[in-house]
Amino acid sequence: MIKISFDITEESFEEIRELIDNFKKDGFTEEDAYRAIFEMGIKAYQIERDNPNEDDLRRQLISMASKYSAMKFKNFQLMRDNQTLEIRLKGYESENRYLKKTLGIRVDE
């Protein structure tokens, strides 16, 4: 077995938790439910990849859902990067004010 770890958005996690609860009602363990969700995603991707020209609405929905998930994850990453940059900026601004004060330079807020 191989163990996989990655970050997901809170929204995606809530959707997964709902699916996990449904799987548990059908007798799955939590670990098996996660595995099933992951494997179903792989199968959905393979179906879409192997049949790109079919007009089946289900395949189109799967394709759009996977693209939407990728966009949500990219948004999550960008928001996390933005938060990190905001924190760094606040630190640099604070350091700048301190250095100006130390050097006797007037600081206008």
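**Notes on the predicted model**

1. At 11% relative accessibility, Thr9 counts as buried, because the cut-off for buried is under 20%. The model is predicted, so values for local features rest on residues with pLDDT of at least 70. Thr9 sits in the segment before α1, which spans 10-25.

2. What does the side chain of Thr9 join through a polar contact of 3.0 Å? The partner is the side chain of Ser12.

3. Helix α2 covers residues 30-50, 21 residues in total. From first C-alpha to last, α2 reaches 30 Å. That is close to the 30 Å expected at 1.5 Å a residue.

4. Which residues of α2 are buried? They are Ala33, Ala36, Ile37 and Ala44. These four lie on the same side of α2, because they cover an arc of only 100 degrees around the axis. The general rule is that an α-helix has 3.6 residues a turn, so residues three or four places apart point the same way.

5. Now the other face. Turned away from the buried side of α2 are the exposed residues Glu31, Tyr45 and Asp50.

6. A search of the whole structure finds 1 aromatic pair. Phe23 and Phe28 form this pair, with 4.9 Å centre to centre and 80 degrees between the planes. The pair is edge-to-face, because planes over 60 degrees apart count as such. Phe23 is buried at 13% relative accessible area, whereas Phe28 is partly exposed at 35%.

Definitions and conventions:
Residues numbered from 1 in each chain as written. Heavy atoms only, no water. Phe/Tyr/Trp six-rings, centres within 6.5 Å; stacked < 30°, edge-to-face > 60°. Buried < 20%, exposed > 50% of the residue type's maximum accessible area, 1.4 Å probe, protein only. Helix = DSSP H or I, 4+ residues; strand = E, 2+ residues; numbered from the N terminus. Expected span 1.5 Å × (residues − 1). Arc of directions from axis to C-beta. Polar contact = N/O pair within 3.5 Å; in protein donor to acceptor, adjacent residues only side chain to side chain.
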